[in-house]
Amino acid sequence: MNRNIRRLLPVMALILMVAGGLVLMFITSLTDPGDSGAALTLIHYRTLLNQSEFWTNAFYSLYLAVVASLLAAVVGTLTAYGIATSEKAVLRRLSERVMQAGLVLPYLYVVFLAFLLLGQAGLLSRLALALGAIDSPESFPPLIFDTAGVGMIWVYAFKGIPFVALMSLTVMTRINGHYRSVARTLGAGRLQQLIAIYLPLCRRVILWSCLVHFAYALGSFEVPHLMSAFSPRPLSASLYTLYLRPGLSSYYQAMAQGMMMLVLGAATAALYLSLLNRLLKSTTYFRWFPASDKGKDTPTGFISAGSVGLVLISVLWLMPMGYVILFSFVAAIPFPELIPRGFSLQFWENTLGRNALFLPGLYTSVRLAFLTGLITTLLGMVTARSLSRMEPSSSLSWFALISLPLYVPAVVLMLSLHLVMLRLSLANTGAAVLTVHVIISLPYATAILTAYCKGIGSELEETAKTLGCSTIQYHRKVLLPLMMPGLFFSFCIGFLLSFSELFSVLLLGGGNVLTFSMIMYPALTSSQWGTGAVMGTLFLAIHLSLFYLADGWVRRSSSQTDYLF
């Protein structure tokens, strides 16, 4: 067996768990419980397909995922373009930092932001009443628990826009500035440069980002479970309810609905990405303005509009985070007042001092996240070394396989892995939660460390061996010091993903694993906004401090900025 393939065996075992879980879910969906499981049947699929409620929920889920991912693609790409081409270094750096903050925030935290901002007694409602736009809270349009799903789309966009922006920015910052100079000489403004140069070159990363975001929006648990109306209801929320409902028929129908969700999602994603790909490809044939405009630079107003756009994006992301921090220190803000009546530490005292579950939950989260980051980094390092030595086509195929958990809707992925853990007698244990966290963190670690390995190349190793350096000495004295910033960044990504996970802990932990997210979850369901603000502020502090520490180390330790964003 090839040496590079042997190094991938531990990762292959994890991917086989994912694939095996999906196969097990498919077989279970075809099982007839009335025949001792011996016969295969399509009765569960027929039952689902004959239910109008299923189709209503299915189209509603696809609508949310498509609109959210499209909004993230458009705004995220424009934001990346504004950052990449801005001539104001301070604004460029601020916007990039804000997008990084939006990227690492957990979905549970963003859901809490939505309640504080978009609720009937939220900040937007107070502002509208103060400005005279509405007469009473009842006049404010419902943005949460609404049938249009505005609140859920806002949450997905709040997380998806930074993701698309930063992924696109990694390509835009590498585009040779000579292209822009030639384009300006030919009379192209900023809009023409975006359409004819940047979009075609960023096409693949935009499509990949949209696919990942579409899959998550389709299969997310926290957002629809906490924010959706009773009808229509996204498939991910109804699937979880069906899975937990007593009775064999509900269990088998849940398996069938999971497979239908996977198939419908794949078909819609293929059609959606095909149309988006065709649109991005068509920009290659874009033509400049008439010859009379040649030689003119970009209009000053358009440059100002770009700067205003970056400032607006920064404010729209910083304001909600600042509002949560402020809310955790106030004594009260009765509706419809905008100014707090006073400041107090009562919420902090109640959460930190009087909640007996806080410290045990924090300890469990830190321990679980530390192990996830450590294991993910070790596996990612071994995998990255193998992928960097393969041919580009083979490396890309293996990475696509490792990234399988990103393309499967989260609810379907967790239910399939739960089936595997039940067969392995690991369900309702910390080991099951740890394994799942490693699976969902591994694609990110592999991408980061593979970029580092390819950037370092094989010349250093060949030179070291020529000078008599052993393999161990090369790894200890040459490779590890060069890889250390990437290793730490990979560890931080695994740590943060594990620390913010809710659904995997809820399902695979079975109530036996108490984490930080599990403590914040009931605060949202019972409208304990003070406790939620304290927990949200701690979430924000932990995520941003750790991420910026890792990002700062990477920027200081590496002169090649194309490794990371």
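In which helix do arginine 93 and glutamate 96 both lie, and how many residues apart are they? Both belong to helix 5, which covers residues 89-104, and they are three residues apart, about one turn of the helix. An α-helix has 3.6 residues a turn, so residues three or four places apart point the same way. In this predicted model, the side chains of arginine 93 and glutamate 96 meet in a salt bridge, with 3.5 Å from N to O. The count of salt bridges comes to one.

Helix 11 runs over residues 203-219 and has 17 residues. From its first C-alpha to its last it reaches 25 Å, close to the 24 Å expected at 1.5 Å a residue. Helix 11 is mostly covered, with 13 of its 17 residues buried.

The surface has a nonpolar patch formed by Ile325, Leu326, Phe329, Phe343 and Leu345. Together these residues have about 450 Å² of accessible area. Phenylalanine 343 sits in the loop between helix 15 (300-328) and helix 16 (346-353). It counts as exposed because its relative accessibility is 61%, and the cut-off for exposed is over 50%.

The cysteines come last. A disulfide is a covalent bond between the sulfur atoms of two cysteines. A search of the whole structure finds zero disulfides. Cysteine 492 is in no disulfide, and the nearest cysteine sulfur, that of cysteine 453, is 18 Å away. Cysteine 492 is buried, with a relative accessible area of 1%. Cysteine 453 also counts as buried, at 7% relative accessibility.

Methods. Residues are numbered from 1 along each chain as its sequence is written. This is a predicted model: local features need pLDDT of at least 70, side-chain atom pairs count only at pLDDT 80 or more; totals for chains, interfaces and linings use all residues. Side-chain values use heavy atoms; hydrogens and water are left out. Helices (H or I, at least four residues) and strands (E, at least two) are DSSP runs, numbered from the N terminus. The expected span of a helix is 1.5 Å times one less than its number of residues. Buried means under 20% relative accessible area, exposed over 50%, partly exposed in between (1.4 Å probe, protein chains only). Patches are made of residues with over 30% relative accessible area and no salt bridge: like charges are joined within 9 Å, nonpolar side chains (Val, Leu, Ile, Met, Phe, Trp, Tyr) within 5 Å. Accessible areas come from the Shrake-Rupley method with a 1.4 Å probe; for residues, only the protein chains shown count as cover. A salt bridge is a side-chain nitrogen of Lys or Arg within 4 Å of a carboxyl oxygen of Asp or Glu. A disulfide is a pair of cysteine sulfur atoms within 2.5 Å.
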